[in-house]
Amino acid sequence: METADLSHHISRRFNEDLERVRSKVLAMGGFVEQQLQQAINALVEGDSALGEAVAIEDFKVNSMEVSIDEECSRILATRAPAAGDLRVIVAIIKTITDLERIGDEAEKIGYIASRLATMERPADKYREIKHIGRVVSQMVHGALDAFARMDADAALDVARQDRRVDEEYESIQRQTITFMLEDPRSIRRFLDMMWVVRSLERIGDHAKNIGEYVIYMVYGKDVRHTSLDDVEREFRGRQAPGGRTA
Amino acid sequence: MVLAIQAISYAVARVLGAAALGLLIGWPFGWPFAGMSLVLAAYLTWQLVNLSRMAWWVRHRGFADPPDIGGAWGSVLTQIVRLHRRKRFHKRRFVQLLRQIQRSTAALPDGVVILDAAFEIVWFNRMAGELLRLRRTADLGLRVDNLVRQPEFGRYLAAGQYASPVIIRHATSEAVYLALQVVPYGEGQQMLLVRDVSHQMLLEAMRKDFVANASHELRSPLTVISGYLETLSLDPAFESEMQGPIAEMRRQAERMTAIIADLLELSRLESTDVPATGEPIDVGALLGALRRDVLAHESRPREVRARIDSEAPLIGSESEIHSAFFNLLENAAKYTPPEGRIEMRWWVDARGGHFAVEDTGIGIQSEHIPRLTERFYRVDPGRSRASGGSGLGLAIVKHVLQRHDATLEVQSVPGEGSTFSCHFPPSRIGKTLAARTASAMIRAAGTDAAADA
């Protein structure tokens, strides 16, 4: 496991600015994690008020994104960072976009949860959704931890988990179609559940993206469209380049 | 000064001695001064050799096996060896002490994280690492709230109020709850205490569920009893001497119903964590309605006044605020004699909005005041049970105020009266109608001016 040290800067003030923005990103991440958890709970427990609350609170995620974006623009304009520091700023700008999208998906889940709460609960009590929800929550948590620690190996682990999520998504899809054919009256309900699972799958993708930005931050390599195996072969356990002053 | 004289005399003696020896040796051969130079040169060489031996020893031997050197160099060497031995001894003792401390903190059942003034992690014990999923060396120097990202924790750190802990849900384990508390100490240093309170939270949840369920279950039987009692009391066939007991039974049944209603209200307030959002409440109208309610309700009317010093509305839940204020008013009415006076006041200042109920009643002794909001707490059991009430009124007030980010203040002088005040933060106070109209007018004037220009 390799972490990158952000503390070597010519300008100490720039270091503080950078750390402050990173902390704001992680605070935004923490709030998004909570939104996701509460949205899934609202669905699984049939808590309509909680689902609505999640949907209402999403505006906070959007305003955090705007605020951090402004801060990054200011840093780019006043400090003109280069090399590793520039990578960090770029990665931050991309990360907050993905976090905001995760927030949007959580909002959708919350909204559907408040609707489904009034309907009849399925026999398995949303066990499948709970499971895939747990995996996805762990992915988001892992991606943000990797961001906090600048840990590329942990980011690779998150990317690995996304494959599992995609597989589960496909299997749930097949299952749901079977249910819908068996009982056409419940199609409305199953369609809603499919939207939820699709949102969860998208959240997994966003978490994987954040992992890719961490790898970019640490190694300076854009791995967004490289296959996972190639990335692992090249980067697993590698030493990060040290000393990134301009 | 003495040292210098000693040193000089030592050196002079040695040099003169060597010179004299050299003269003596050289004399028989007819070269006295050559002999003197030779001996002096030999003496100098000997000193330099000792010096370089010592230098080499210090550099390469690591303070073990000092060479045997005489004279001044020898005593310097001895001192160096002695100093070094003392240093090693102290270092060993220090390491032992550190290990003891580490062993004891590792054995602590709670987690401890040492933070600096910027909340960066300086050190943490094993339990903290387990509870918060921190990594041994990698996480040192990182801000603790970058890894513990629950929003409530971030707010707790920002607020700086560390009198009580904050309880958060574990990020990945659903059923785990952690209590985190910051303890400042030293200069700018802080300790973060982490405790697993999942068990307590589970017990709390079970207790709340029990209270809610039990209250619900008690409601229906009580309704039946009250119904029949009412029928019996209206039945003319019943002998008049039964009417007394029946009336008493009805009163007691009413009291039980009131207690159950309050218990249900309290458990409802406890179970919803989200603070009351809400609409703007016209406090003036509310106080007027409360005043009419109280005057109509109580059998012994007393003077009740309402003073509204501000038109600003209160942002919150109208039903909950009504309930809280009514409880305060009812208490004032219960403990004030008929010739007494009750005054309600609502005013707004820089610190926020304030509602106070002041009475000239029997007052409360100071030792009872901290416990007033406990459930079923009675200052004077005999008296208050006779006057009715559920004993839960102030507990309800406390919960409503908590949900509105407000605080309760009690001042009382036994025999003279009491004042109960609710303090709401500025975030809960809306703009008055006048202020809203004024700002609307300013906005309109702005657009007009822009249109004219």
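Trainee: Which residue stands opposite Ile114(B)?
Mentor: In this predicted model, the residue opposite Ile114(B) is Met191(B), which belongs to E5(B).

Trainee: And how many bridges hold E1 and E5 of chain B together?
Mentor: Strand E1, residues 111–115 of chain B, pairs with strand E5, residues 189–196 of chain B, over five bridges, and the sense of that pairing is antiparallel.

Trainee: In what order do the strands of that sheet in chain B run?
Mentor: The order is E2-E1-E5-E4-E3 in chain B, an open sheet of five strands with antiparallel pairing. Strand E2 (121–124) and strand E3 (166–169) of chain B each have a single partner strand and therefore stand at the edges, with one side of each left without a neighbour in the sheet.

Trainee: What does the twist average from one strand to the next?
Mentor: The average is 25° from one strand to the next.

Trainee: Which helix packs on the sheet, then?
Mentor: Helix H6 of chain B, residues 151–159, packs there and touches both E3 and strand E4 (177–185) of chain B, while the direction of the helix makes about 160° with that of E3(B).

Trainee: What share of chain A is buried?
Mentor: Of the 246 residues in chain A, 46% are buried. As for its contacts between residues at least 6 apart in sequence, 79% join residues at least 24 apart.

Technical notes. Residues numbered from 1 in each chain as written. Chains lettered and ligands numbered in written order. Predicted model: local features only at pLDDT ≥ 70, side-chain atom pairs only at ≥ 80, totals over all residues. Buried ≥ 20, exposed ≤ 12 C-beta atoms within 10 Å, placed from the backbone. Contact = placed C-beta atoms within 7 Å. Pairing = 2+ DSSP bridges. Helix = DSSP H or I, 4+ residues; strand = E, 2+ residues; numbered from the N terminus. Axes fitted to C-alpha atoms, helices over the stretch in contact; angles between N-to-C directions.
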